[in-house]
Amino acid sequence: MNKLLIVGTVAFDAIETPFGKTDKILGGAATYIGLSASFFNLQSAIVSVVGDDFPQEHLDLLTSKNIDISGIEIVKGGKTFFWSGLYHNDLNSRDTLVTELNVLADFQPKVPQNFKDADVVMLGNLHPLVQSSVLDQMEKKPKLVVLDTMNFWMDCALPELLDVIKRVDVITINDEEARQLSGEYSLVKAAAKIQELGPKYVVIKKGEHGALLFHNREVFFAPALPLEEVFDPTGAGDTFAGGFSGFIAQSENISFGNMKNGIIYGSNLASFCVEKFGTERMETLSKTEVAIRLQQFKSLTQFDIEI
């Protein structure tokens with residue numbers, strides 16, 4: 001069975017949207033990536049850090065999804081990373097109300113020995129130096145390294161970010177971040193500039209408007225499934241990344257054609273994530289539901305046309 005190594009935050013979130021609000025609930029990039037990747041036939045492990053205020057039931061949830069949690073460090077007397085956000089009416093923009101790094105401030109990732117030969121490494125949104133240190137610990141070169149990042153690191157750690165970008169095969173960012181990183185408004189030009197930085201593949205996420213995949217001069221677009229109800233977009237991008245990296249790790253096929261399928265699988269899983277607050281929908285999601293919606297995706301994009 002192939003191995004997927006996931007690096008990112010395991011955290012508490014407090015979320016408010018036009019449809020309601022939550023107190024502290026389970027969150028974090030690695031959590032969403034792991035739950036999403038659990039729908040594929042592979043071994044996965046999370047490398048992260050939490051405080052001793054982190055409930056055992058959350059760790060048990062990850063274990064129940066066959067996720068190896070030996071790389072999650074529990075700091076005695078420490079507090080878990082906490083983020084609170086308020087979404088605006090269109091759900092495309094949000095205000096960060098609180099960010100408490102807590103134990104994440106001094107996080108030194110430790111890759112479990114049995115995952116130092118992982119086939120695919122998914123570097124969730126973290127400080128670029130943390131992402132680099134994970135790659136330094138790998139005992140053999142992964143078949144694929146996927147990196148997710150955000151504008152915050154472009155603002156405050158750009159040299160370190162550019163260093164780690166040189167070492168990855170795929171980068172996933174949103175359209176605003178792609179423009180900032182490249183200095184280009186056109187997403188086609190932006191993707192070309194970003195490929196010059198190192199990654200062979202560039203995935204640009206556009207939220208409810210789908211996702212773009214770029215490789216050399218080839219482009220693929222996957223729509224987002226039109227949904228009747230969207231409650232909370234938190235974690236949708238990470239769920240997408242988990243679906244994408246999980247599918248690629250399971251299939252062992254690292255080609256542009258297969259990455260198209262990975263984009264669809266990622267988009268499919270992300271469409272479930274937004275239907276309830278936090279990780280709630282992903283915790284109870286069944287493989288049957290995933291398969292049915294995948295057929296909907298196929299119907300949405302399939303057509304016959306004479307040329």
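In this predicted model, helix H8 (residues 236-251) has 16 residues, which at 1.5 Å a residue should span 22 Å; the C-alpha atoms at its ends lie 22 Å apart, in agreement with that value. Of the 16 residues of H8, 13 are buried, so the helix is largely enclosed by the rest of the structure. The residue that follows H8 is Glu-252, which has a positive phi, near 60°.

Two packed helices are described by the angle between their axes and the distance between the axes. For helix H1 (residues 29-37) and H8, the packing angle is about 45° and the axes are 7 Å apart. The crossing in which H1 passes H8 is right-handed. On the H1 side, the residues that meet H8 are Ala-29, Tyr-32, Ile-33, Ser-36 and Ala-37; their counterparts in H8 are Asp-238, Thr-239, Gly-242, Gly-243 and Gly-246.

The largest nonpolar core comprises 53 residues. Leu-4, Ile-46, Val-170, Leu-213, Met-259, Ile-263 and Met-282 have the most contacts inside it. Helix H9 (residues 256-273) contributes eight residues to this core, the most of any element. Apart from neighbours within four places in sequence, Met-282 contacts Leu-35, Ser-36, Phe-39, Lys-65, Thr-239, Leu-269, Phe-272 and Cys-273. Two of these, Ser-36 and Thr-239, also belong to the residues through which H1 and H8 meet.

Definitions and conventions: Residues are numbered from 1 along each chain as its sequence is written. This is a predicted model: local features need pLDDT of at least 70, side-chain atom pairs count only at pLDDT 80 or more; totals for chains, interfaces and linings use all residues. Side-chain values use heavy atoms; hydrogens and water are left out. A nonpolar core is a set of buried Ala, Val, Leu, Ile, Met, Phe, Trp, Tyr and Cys residues joined through side-chain atoms within 4.5 Å. Buried means under 20% relative accessible area, exposed over 50%, partly exposed in between (1.4 Å probe, protein chains only). Helices (H or I, at least four residues) and strands (E, at least two) are DSSP runs, numbered from the N terminus. Contact means heavy atoms within 4.5 Å. The expected span of a helix is 1.5 Å times one less than its number of residues. Axes are lines fitted to C-alpha atoms, for helices over the stretch in contact, and angles run from 0 to 180 degrees between N-to-C directions. A crossing is left-handed if the near helix is turned anticlockwise from the far one by less than a right angle, and right-handed if clockwise.
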